[in-house]
Protein chains: 2
Amino acid sequence: MTHTHPFDSATEITQTGHGAYTAHTSETYGNMVGPFGGVTSATLMRAVLSDERLSGDPVSMTVNFCAAIKNGDYQITTDLRRAGKYIQHWSLEITQNGQICTTASLVFGVRAEGFSHHSGVPPMAKAFDQCAVEPDLGFANWLKCYEFRYAEGAPDMTGRAVGDLGPARSVAWITDQPARDLDLLSLTAMSDSFLLRLPHVRASFVPMGTVSLTTHFLATPDDIAEQGQHPVLGVSDATRFHHNFHDQHMQLWSHTGKLLATGSQIAWFKH
Amino acid sequence: MTHTHPFDSATEITQTGHGAYTAHTSETYGNMVGPFGGVTSATLMRAVLSDERLSGDPVSMTVNFCAAIKNGDYQITTDLRRAGKYIQHWSLEITQNGQICTTASLVFGVRAEGFSHHSGVPPMAKAFDQCAVEPDLGFANWLKCYEFRYAEGAPDMTGRAVGDLGPARSVAWITDQPARDLDLLSLTAMSDSFLLRLPHVRASFVPMGTVSLTTHFLATPDDIAEQGQHPVLGVSDATRFHHNFHDQHMQLWSHTGKLLATGSQIAWFKH
């Protein structure tokens, strides 16, 4: 009997029609309100990956978190908007009780051997086994589904004095808990596994959430296969927190120093 | 008689129904194939800005360039997918002869005075008047609609030897030509005014294009008003060019050192 990894259960979909699927929120990957956005994105990715019209590898994904998904079933629709020789554009949405919860666009590209140049430089980071495992912050179930080992900028939730701000940047080794070979689904989820930069900077919580998340997939299938269960090195930073919104940027590096994905998001915070 | 700036003509829309508009490609802002993507994005922005249901300021926009728009009329539809207390999610599309050319999502947020922290650091750059005006590269009309003064990483199209790669990063002062006060439309267009990093690196052209472009708007209306006709400082970089795709990242800084927008894109290249 094979054991199903909780991530595969959390992203499970059932086809109900042409480009139509039902999925179910996962308590294991629950967030403070609604499910962990990374699993929502991965479930959308899984729907498109299951489509027989699919051609190519994912290269870009934008997910707009319009409203929290309530615990229970939700519906996914996928629509192939335009397909060219090299590129497919998909539009997706999640509804629950007829209300839009999430909209997304997903771009797939046919890739071939060709020009390759790695202009990005991996962050200077302490080795995985030299970084301590971050204790569970305890505010959301999904955090228990990853092991984070911070090389730099570990979260400090002690509530520093007003005006005594911490760095927005952090660098951390990230692994699925329990261990799982990297694939496109887990890479999608890990792209959203960085805590919002606001509590990193302010060392305290206010109501907040990701509004729109964009991920660019730079990894080819061989990069992903090579990664296996090795830890991924994640870098996250933000440049401006201003009047209820801040940007946030991330990079995910393979254990051999290849950039697997880059991305950015805009997050809302109450005050 | 008032003179209409060519940018305002290029982004002109005519409402034809509820959330339905007609626009027309602009020869002045033409690209190698189809119109300059920045003007396409700005025209989509203009459609939503004209909608009476609109609430708040733009905070994030993703534009998927599915197929080139042919010279002539094209149709825009806008759809308010979900509106909450603070945030509106819009979906947009451009069609021509019934075919999808562009899909986009646009997020607006209600902003109020509150926490503000500028963790990003402006690039070290020579002053505007110490940078030479970049000669017209001549390959697309829209390039004549901006003045670029490179502080770093000016394009070199001389065709370096294979393997002798240039830097992906450039820093440039950007102004509308002729001069025009900054507004949300021109900020949207300028977010796409960076040349693709591929020719910067390889010093030569191959068939290529932006596939998906995401912009996060960090500027509040007072930031934009303060900017007026001052040059904007743009930074652009890329981290990995690999098997037909590369990512690209940008920042647009005000003349007083405020981050107006950040963004990223994925670009396709033939070989």
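The contact between the two chains draws on 65 residues of chain B and 66 residues of chain A. The model is predicted. Together, chain B and chain A bury about 5,600 Å². Carbon and sulfur atoms account for 57% of that area. Three residues stand out on the side of chain B: Phe115(B), Arg240(B) and His243(B). They supply 14% of the area that chain B buries against chain A, more than any other three residues.

Four salt bridges are counted between chain B and chain A. One of them joins the side chains of Arg240(B) and Asp223(A), at 3.1 Å from N to O. That distance falls within the 4 Å limit for a salt bridge.

Which strand gives the largest share of the side of chain B that touches chain A? Strand β14 of chain B, residues 259-269, does, with seven residues. By class, this side of chain B holds 25 nonpolar, 29 polar and 11 charged residues.

Strand pairing also crosses between the chains. Strand β7 of chain A (residues 116-117) pairs with strand β12 of chain B (residues 241-242). The sense is antiparallel, and the pairing runs over two bridges. Within it, Ser116(A) stands opposite His242(B) of β12(B).

Conventions
Residues numbered from 1 in each chain as written. Chains lettered and ligands numbered in written order. Predicted model: local features only at pLDDT ≥ 70, side-chain atom pairs only at ≥ 80, totals over all residues. Heavy atoms only, no water. Contact = heavy atoms within 4.5 Å. Buried area = accessible area lost by both parts, 1.4 Å probe. Helix = DSSP H or I, 4+ residues; strand = E, 2+ residues; numbered from the N terminus. Nonpolar A, V, L, I, M, F, W, Y, C, P; charged D, E, K, R; others polar. Pairing = 2+ DSSP bridges.
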